[in-house]
Amino acid sequence: MIHFDPATRTFNLLLAASVYAMRVDDEGRLLHLSWGPRPAGAPADAPLTGPGFEIFTRHDELPLTLRYEFSTFGDSALQEVGLKAQFQSLPQQMAPGEAPHLPIRDVRLRYAGHEIVLDAEPGLAPTHGQPTAVASPRETLRLRLSDPVQPLEVTLCYRLTPEHDIIERWVEVVNTGSEAIEVETLAFATLHFPNGTNELTSVSGWWIREFIAARERLPAGVRSIEQKTVQTGHYTNPFFLLNRPGQAWEETGDVYFGALAFSGAWRIAFEQLHTLDVRCQAGYNPFDFGLTLAAGERHVTPAVVLGVSPEGWGGASRRLHAFALERVLPMPSDGPAFRPVLYNSWEATYFDLTLEGQTALARKAAALGVELFCVDDGWFGGRRDDHAGLGDWRVSPDVFPTGLDPLIDEVHRLGMQFGLWVEPEMVNPDSDLYRAHPDWVLHFAGRPRTESRYQLLLDFGRPEVVGHIYTLLHDLLERHAIDFIKWDMNRYATEPGSVAGQAIWRQHTAGVYAVMDRLRRAFPHLQIESCASGGGRIDLGILGRTDQVWTSDNTDAFDRIRIQEGYSLAYPARAMEAWVTHPISHQTGLPSPLSLRFDVAMRGGLGIGSNLNELSEAELADYASYIAFYKRLRPVVQGGRLYRLQRVEEYGASVIAYVAPDRRTAVYSAAVASYLQGWLRPPAPLRGLDPNAVYRVVDRHGVEVYRASGFELMMTGIPGDAARGASSSRTLLLEATDQ
Ligand code: GLA
């Protein structure tokens, strides 16, 4: 609920368990008042309207400590800002003798009005028209601020999802004058946290080591997480969890969280003042940022998704998961209820594709219970290895002399869906596309074009390039009965010269989103996986137009435990594609038992990437049994609430539970990554069960291994995790019984 008190000009955003408040002061400045969980016993509809002592004490000094709801460069040039702009002139009379010092770089925002609407959308919101699981309208507060001198209007937008304590924030900037305004910095929001909220949890990584979580104390000054690329990136990911040190844990304490719905160059900068006030600017990366607002032009930024959990980091993750499941992921009403079990041939055959080989794999996969068969790289143009062919999205007669349809038909006959790999933003210099259009790539005239994996990035600042890619993909999907595409993206930008200039950092993402949205509109049953050399493009923006993401190219089950745990801090299991591959990992060269590979992969959307031709009949039977078990677990894994019972960083083992919303079923999953704890691992009491229900605990073979009440399970856990060796992991299904 949005509450406005006209007497004190105070705005309250009242959510299920939290309150966010701000106020207009006597000078028209919009100042942040408070944000946090509602104290126990306080009525849910009670707004803050009191004097708000803290924010009004320092008006007579430099506005260093003022908590501007959106900070701008000018009077507060000493600190990080959410908006910096240049004006070409002063649209008012100057005092005698005053020089204008053009351009003028001073923005001050003053309250100009507000409205509450139901249909507001942030920038780059999906346009594919497909519904989300929950589509009820949400209230948005639009708070209009304007500069008293310059023709600039800024609207701060707050869209509420009260049941998850989530506020999406974004800004709209409008040039109401007749001269262009240069915007040099633009955040989606400025955030203020309670004083001393300075322990940050974020992830960092690289190819095959994505999502490694770390917790740190913010320094005095600025600590930023950011990516200077045209995709979300591997080095870090645009989300954070923040709490007072020592005052939050996995299931207790107040944890603030945020995640960007944007896949371009981004930055989330935390600034801790000498007062221990912590603020944050979240949005476009100011590095090489440029936005020219022509006369009358409006720019709407994407959103940052924000919230606070009174139930620790786990509660923060569950709120983000629920938000993504209900409000972000497209869920066509006649689409699959759950993500299908996938087979992908990449690690089995790499570029060695033939109709016979793929058909043989497809038959074996179908016999195991696989539901979606995906052909990876190498099926098109001159793509016999990674040196050539990107850009030529035509089925290669060298690989499939009779075309792709015989394979597609066979896959469909076997009762599976058919998927295909594409990498639409790329071109190899050795391709027909590049030979025809050498100017269609990012580059600066007269400068080298640095190749990475022998490829260059297409210039999505050119509408004709985006149009061309759309047409090629549209034709491919129209000609063949393709149900799923794996949309890959395998290099970072260098020499970012584009016809769009500095806008390329945003326009590349806008172009990718637009092509995906148009394809989804044209082919309502098409499913899309986002991949970027593994987990390089995972964020709430891409999740709005995809069905799943490829978490990492690292399919070593031991490494995967840690990667998936980091992913789970922000993103839901339903979208987390996880494959079972070979006994000796192709990435690490290390062995892992089949049980661990399945137990870890069954924590997300299960995929198989092994070479099925290398498996014995007994092993194939084992695969089939795991896949059948996964199908029983799947509704809980993909739609349940995640509880991290033991984290790998602390225990050397990761123990998690997914609990169905009605608490009648749950999945318990333990995976030991190392024996640093010795063999005497502590039990992991469960969470989130119905204390009064009695649960049957069954294994993959349907054998009841334990039976206890929810109360007992949440006090003591399930016995039997402490063993070593073959049972270093296990997955169990809990079902409430009536006895
Ligand atoms: C990237 C992807 C892999 C695979 C290859 C194909 O590395 O992450 O899964 O598709 O490209 O070239």
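Visitor: Is Asp-334 buried or exposed?

Guide: Asp-334 is exposed, because its relative accessible area is 54% and the exposed class starts over 50%. Keep in mind that this is a predicted model.

Visitor: How many residues lie between Asp-334 and His-480 in sequence, and what is their C-alpha distance?

Guide: Asp-334 and His-480 are 146 residues apart in sequence. In space, their C-alpha atoms are 21 Å apart.

Visitor: Now the inside. Where do nonpolar side chains tend to go in soluble globular proteins?

Guide: They tend to be buried together. Here, the largest nonpolar core has 92 residues. Trp-379, Leu-519 and Phe-598 have the most contacts inside this core. Helix 10 (residues 617–639) gives the largest share, nine residues.

Visitor: Which residues does Phe-598 contact, beyond its neighbours within four places in sequence?

Guide: Phe-598 is in contact with Val-580, Leu-606, Ile-608, Tyr-623, Tyr-626 and Ile-627. There is also a second, separate core of 56 residues. Leu-143, Leu-242, Val-278 and Ala-282 are among its members.

Visitor: Let me try Leu-242. Which strand holds Leu-242, and why is Leu-242 classed as buried?

Guide: Leu-242 is found in strand 14 (residues 239–243). Its relative accessible area is 0%, so Leu-242 is buried. The cut-off for buried is under 20%.

Visitor: What does Leu-242 touch, leaving out residues up to four places away in sequence?

Guide: Its partners include Phe-193, Leu-200, Leu-218, Val-255, Phe-270 and Val-278. Thr-197, Glu-199 and Asp-254 are also among the residues that Leu-242 touches.

Visitor: Is Arg-159 buried or exposed?

Guide: Arg-159 is buried, because its relative accessible area is 9%. Arg-159 lies in strand 8 (residues 152–161). Look at where the side chain points: Arg-159 reaches the backbone oxygen of Ala-120 at 3.1 Å. Arg-159 also touches Glu-121, Glu-139 and Glu-168, among others.

Visitor: What does the side chain of Ser-654 make a polar contact with?

Guide: Its partner is the side chain of Arg-603, at 2.7 Å. Ser-654 is found in strand 32 (residues 653–659). At 1% relative accessibility, Ser-654 counts as buried. Other residues that Ser-654 touches include Ile-561, Glu-565, Gln-646 and Ser-669.

Visitor: On to the ligand. Which residues come nearest to the ligand?

Guide: Asp-376, Asp-377, Arg-453, Lys-486 and Asp-553 come nearest, out of 13 residues around the ligand. Sort the shell by class. The shell has four nonpolar, three polar and six charged residues.

Visitor: Which side chains place an N or O atom at a listed distance from a ligand oxygen?

Guide: Arg-453 is one of them: a side-chain N or O atom lies 2.9 Å from an oxygen atom of the ligand. For the side chain of Asn-490, the distance is 3.2 Å. Gly-534 takes part through its backbone, where an N or O atom lies 3.1 Å from an oxygen atom of the ligand.

Visitor: How much of the ligand's accessible area does the protein cover?

Guide: The protein covers 96% of it. On its own, the ligand has 300 Å² of accessible area.

Visitor: Last topic, the backbone. Where is there a cis peptide bond?

Guide: A cis peptide bond joins Leu-102 and Pro-103, with omega about -10°. Pro-103 is in the loop between strand 5 (83–87) and strand 6 (110–117).

Visitor: What is the phi of Leu-124, and what is the phi of Tyr-454?

Guide: Phi of Leu-124 is near 60°, a positive value in a residue other than glycine. Phi of Tyr-454 is also near 60°. Now place them. Leu-124 is in the loop between strand 6 and strand 7 (140–146). Tyr-454 is in the loop between helix 5 (432–436) and strand 25 (456–457). Leu-124 is partly exposed, with a relative accessible area of 28%. Tyr-454 is partly exposed too, at 38%.

Technical notes:
Residues numbered from 1 in each chain as written. Predicted model: local features only at pLDDT ≥ 70, side-chain atom pairs only at ≥ 80, totals over all residues. Heavy atoms only, no water. Core = buried A, V, L, I, M, F, W, Y, C linked by side-chain atoms within 4.5 Å. Buried < 20%, exposed > 50% of the residue type's maximum accessible area, 1.4 Å probe, protein only. Helix = DSSP H or I, 4+ residues; strand = E, 2+ residues; numbered from the N terminus. Contact = heavy atoms within 4.5 Å. Near = heavy atom within 4 Å. Polar contact = N/O pair within 3.5 Å; in protein donor to acceptor, adjacent residues only side chain to side chain. Areas by Shrake-Rupley, 256 points an atom, 1.4 Å probe, with all protein chains shown as cover. Nonpolar A, V, L, I, M, F, W, Y, C, P; charged D, E, K, R; others polar.
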